[in-house]
Amino acid sequence: MQIIDAHSHLWLKQDTIVDGQHIYSMGKGRSMFFGEERQMLPPFMIDDKNSAEVFLANMDYAQVGGAVVVQEVIDGFQNDYLLDVKQNFPNRFFVCGMPNLGLSAKSDAEKPSTEDILQEIKELKQRGFSAIAIPGHRIHQSLLSLIPCFKYMEQEKMILSMCLANDETQIAEMQQVIDECPNLKIAIGHFGLVTTTHWMKQILLAKNKNVFIESGGITWLFNSEFYPFKGAIKAICEAKDAVGINKLMWGSDYPRTICAITYKMSYDFVLKSNDLTLSEKEAFLGKNAINFYGFNNLPELKYIKNMSE
């Protein structure tokens, strides 16, 4: 079975300002996050670098063939690093660029206009990105203000990776974007913020032809019940019944989620479930993402026994 991680993160240095607050690494994998010290990385990442090489070691061990690397404003801009990752590991990573959305601006005058954002997306395309990540749950402007950007991406056959807030207004705006740009390929992240009120309304966006749902962060959202995440399996089955298994993709939200569990645990609760068929597991864990993102030349990764076995 080929396994693809449709939602992960990489960075060499976390040091940015979001909504006036400094987010930065503190050592031992910890970060200052909106005024609170949090374990952002597993504590063995003592240099605070969330590198492709370390991720690849985790992927190889867990037999994950490829990964989609999205971006989050809390990690700062990683466009330069991700282009290096794409060049060095072209068959293992599909990387998303991220434009400046103005969340570090000190005043409204410093915030980029729609035209500024569009121009940067054009530059990111020229630099080699074929997808753009927009953390919609962080931004303050209407998604409708970005329609010129989305129309350009549709024209250029770029992919949009979008996480949405648990907000009916933003979900409705996303549907308007889809109506305006019906041929734009869109991956909705965080499984619609599955443990919140309006999650199924996000899932139902995948009834549109080119919209898919990925489960990045689902183990974080069900962290209170912990492994084997029976609530997450129930939600996957509900989403399958609503939009079809072929519209759903697995994502880990690496590395933050593996502060609580191992990387392999972030998907093998699906493998071990009796509520999904083998063909449904194959589609969810890999086939759908391979087709959506265009992965090819994936390695065959053999199982390596643990010393405890």
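Serine 252 is buried, with a relative accessible area of 1%; buried here means under 20% relative accessible area, exposed means over 50%, and partly exposed is anything in between, worked out with a 1.4 Å probe and protein chains only. This is a predicted model, in which local features need pLDDT of at least 70, side-chain atom pairs count only at pLDDT 80 or more, and totals for chains, interfaces and linings use all residues. Residues are numbered from 1 along each chain as its sequence is written, and side-chain values use heavy atoms, with hydrogens and water left out.

Serine 252 sits in the loop between β12 (248–249) and α9 (265–271). Helices (H or I, at least four residues) and strands (E, at least two) are DSSP runs, numbered from the N terminus. The side chain of serine 252 is joined to that of aspartate 5 by a polar contact of 2.5 Å. A polar contact is a pair of N or O atoms within 3.5 Å; within protein, one must be able to donate a hydrogen and the other to accept it, and residues adjacent in sequence count only if both atoms are side-chain atoms. Setting aside neighbours within four places in sequence, serine 252 is in contact (heavy atoms within 4.5 Å) with Asp5, His7, Gly216, Gly217, Thr257, Tyr263 and Ser266.

The loop between β12 and α9 also holds proline 255. The peptide bond leading from tyrosine 254 to proline 255 is cis, with omega near 5°. Another cis peptide bond joins tyrosine 227 and proline 228, and here omega is about 10°. Proline 228 belongs to the loop between α7 (218–221) and α8. Most peptide bonds are trans, and most residues other than glycine have a negative phi. Aspartate 19, in the loop between β2 (15–18) and β3 (21–27), has a positive phi of about 50° although it is not a glycine. With 42% relative accessibility, aspartate 19 counts as partly exposed. Lysine 157 has a positive phi too, near 60°, and is found in the loop between α4 (147–155) and β9 (159–163). Lysine 157 is exposed, its relative accessible area being 71%.

What about the inside? A nonpolar core is a set of buried Ala, Val, Leu, Ile, Met, Phe, Trp, Tyr and Cys residues joined through side-chain atoms within 4.5 Å. The largest one has 89 residues, of which Phe93, Phe150, Met174 and Phe191 touch the most other members. Helix α8 (residues 230–243) gives the most to this core, with seven residues. Apart from it lies another core, made of 17 residues, among them Ile4, Cys96, Ala289 and Phe292. Over in helix α2 (residues 79–88), the residues Asn79, Tyr81, Leu82, Leu83 and Val85 are buried. The buried residues of α2 pack against α1 (52–62), β6 (66–69), β7 (93–95) and α3 (114–127).

Helix α10 (residues 278–293) includes leucine 278, and glutamate 280 is in helix α10 as well. Leucine 278 is exposed, with a relative accessible area of 55%, whereas glutamate 280 is buried, at 15%. The side chain of glutamate 280 makes a polar contact of 3.4 Å with the side chain of lysine 240. Not counting residues up to four places away in sequence, glutamate 280 touches Lys240, Ile245 and Asp275.
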